[in-house]
Amino acid sequence: MIPGRVSSAALIATACASLFSTATAADLSPEQLFAMVSPAVVSVRAVDDQGGELAQGSGVVVGPEQVATNCHVVRDATQIRIEAGTQALVGRWTRVDGQRDVCLLTVDGLKAKPVALRSSDSLQVGERVLAVGNPLGFGLAASSGLLVGKHDGDKTLLTSAAISPGSSGGGLFDGQGRLIGFTTAILGTGQNLNLVLSADGVDRLSAQGQPPPAAPAIPSPEPRWRDEATALVSKSDWPALAAHARRWLQAQPTSALAYIYLAQALDQSGRHQEAAAAAEESLRLDPYSSTGWTQKAVLAKARGDHDAAEAALVRAIELRPSNATPRRIRADWLFAARRFGEARVEAQAGTRFAAGEPSAWSRLGAIEDALGQHADAAHAYRIALRLDQQNDEIRQQLAQALAKQGKSEDARRGVSAPRTGAADAGDAPANANSEAATWRTIGFSELERKRYGPAQDAFRKALQLAPEAPDAPGAWNGLGTALTHLNRLAEAEQAYDEALRRAPKNAEARANRASVRSTLGQQAAALEDIRQATSEAPLNANVWRIFGAISLNAKNYPDAVAAFSQLDALQQATPDDLVSLGESLAAVGRLADGLSVLRRAEAAKPQPPRLPLSMAKVLGESGDVTAALPYIELAIAAQPSSPEAWSSKGYALMRLGRLPEARDALETTVRLAPELVNGWINLGQVQLRSGNLARAIEALEKAIALKPDALDGRLYLAQSYLGARLSAKAREQASVVLARLPDQPGGLSILTMSYLLEGNAAAAAGSYARLKASNPTAALAMKAQAQRAGLSAAAQLTD
């Protein structure tokens, strides 16, 4: 990591704020100071005649199209490259300060505004200063400190501000943003003191400076062996490269580089043994050649000797850490081996040493994407796209990274942006497939955000662009999912049909279709689909989850237990799945097992919202109503407007005999949900037990009106009528129950009592005989109750 480097101007400003906490009133704030001077600090790169980088540093804009920097940065350059913001320009060395290491560069087209200058004789030791440089051209780095000394007639300054390597030629500024010197050296004194050349005379350098030293006389040109070899490599003309390398060796028999190119040509021509011999000869001639070791690594990898390949590549990096090529190769190997963390280290190094190569940044983006760091991936892709604006593949990669962050609108704008360059006709299918892949990514991102309309649009665009792409079944499945959530179930089923037509073994699509068919009432087809899906993908957790949900909705509790148990065995059960399993176990009578599973869900963080009511239900069915009540209170606290929670509370209080509280809770239930049949039935039962027969009848009649086949409600209503001595009405309700359940003891008891109330012993005898035949105990209890009530006709009932 480069000391002092930060990722953005905002972060630098924040850092400076703490360092400048004691600035005088006359000083600018750190944010203002950095904003003022940073546009004038540029990156300076010295390049040789082969295009290789000799040195890099920083510079400061001191006049219109004029940049000052340290001479040692540009002294040996054939070409000087300037990077200022988004501008990439070429500079010319025009003047030099003969007494100091300060040079003036002319940069045609440079738009940056010059900084103001300040003479060193006005500087005071102890002033606060800010050093700003652009190490490696990756972003501005800033550090603050104090001016701690002036020497050599004020020509050199000492500062405690930290200076990053690669910042030679950067600026040191006072609290008003005026340039006072050029950062040049880090003193290894342990005192954090760094050397700065004062900016004195820079304003006169253009007129009074000396010209740069003349270039040495150029000898007659040697054939451009390397350039020609590079051109042949770019054409993949391996026979011509081999012939060229042999001519090169005739002229320069000890050229290690010629042997490297020969090895590459022979390897690509299938002459691997000869290639290996040429590579070894290159290293014999130059054992410290990073390129030679890289070639040896590639050859070793090709013949399957991975250990030798790794060792050779590591040696290549050790010999020349700034050589991006072996780092690129090693990053690719590590990525292929899914060693993403190690690949990232090499790729990051590659971007430092080949910052202008789009492929270096796109490689880093792919690795960050694989690590799930989609924001970092998007940052890398943006840099790559700035360097190669016509690269449609990088544009698609950026859009996908944005979509994976949930930035679907940004991704849409990126994928819909017009091409910046014309593509060959042969590239159209590849571009369409790439763009379709981006739209699929956007679609799934929108699904995760529950934005089902935009998700549907994205999947449709993907299918329009590449209907026959290998990933088209996934797009159809995603479209079906979006349509399902939009409640367009018939269209969703068609989408799943299409996904399965193209990929019959797509268990995910088959399970999704099963869920839709179940909702549409196609239970047989849904069951066939989900059973096939579990057979095809027995380890797919989502398939088992859908199977469980279908079974639970159909009240097929044994299948629900089997499905959710399998999900649990796969160790993929969520806390919500555990609640479903616990409810299903309780429904098949395994109350203890159900309670145990619910306890596991209770230990999860966060707990499923429906857990308290489920726990209360199972505890209640287990007979522990007292323990159930606190869970009901938790459910009400979480959802005060839940009628189901209030109904459960009323029922629990009724079972505990706390009838007034139960009545209040159930009245709240029916106020919140007048259509909730269970609330009215429970309220009627409470009123019946409280002796409020009129209120009981009123509540139970509403329940029956809402759900005529609610047999328990009819029995309670019949009891209420019987208590009010409305025997005919009681008999009417009991008869409806007995028409469905002829031997139902409660119905037969009420029917018999209704006749006894009327003194009709003969009619009572018939229903009593039916009751005695089906449930003798209930018959005897009913007769005893009638006798206690003073119904004389009961004496005529024969035992």
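First, the ground rules. This is a predicted model, in which local features need pLDDT of at least 70 and side-chain atom pairs count only at pLDDT 80 or more, while totals for chains, interfaces and linings use all residues. Residues are numbered from 1 along each chain as its sequence is written, and side-chain values use heavy atoms, with hydrogens and water left out.

Let me start with helix 10, residues 306–319. Helices here are DSSP runs of H or I with at least four residues, strands are runs of E with at least two, and both are numbered from the N terminus.

Which residues of helix 10 are buried? They are Ala309, Ala312, Leu313, Ala316 and Ile317. Buried means under 20% relative accessible area, exposed means over 50%, and partly exposed is in between, using a 1.4 Å probe and protein chains only. Seen down the axis, the buried residues of helix 10 fall within an arc of 140°, so they line one face; the arc is taken from the directions from the helix axis to the C-beta atoms. An α-helix has 3.6 residues a turn, so residues three or four places apart point the same way. The face turned away from the buried side carries exposed Asp307 and Glu318. What do the buried residues pack against? Helix 9 (290–302), helix 11 (324–336) and helix 12 (340–353). Contact means heavy atoms within 4.5 Å.

Next, the cores. A nonpolar core is a set of buried Ala, Val, Leu, Ile, Met, Phe, Trp, Tyr and Cys residues joined through side-chain atoms within 4.5 Å. The largest has 88 residues, and Met615 is one of those that touch the most other members. Leaving aside neighbours within four places in sequence, Met615 contacts Leu595, Leu598, Arg599, Glu602 and Tyr631. Apart from that core lies another, of 40 residues, including Cys71.

Cys71 forms a disulfide with Cys103, the sulfur atoms 1.8 Å apart; the cut-off for a disulfide is 2.5 Å between cysteine sulfurs. Cys71 is buried at 3% relative accessible area, and Cys103 at 0%.

Last, Arg517 lies in helix 21 (residues 507–519). Arg517 is buried, at 14%.

Technical notes. Expected span 1.5 Å × (residues − 1).
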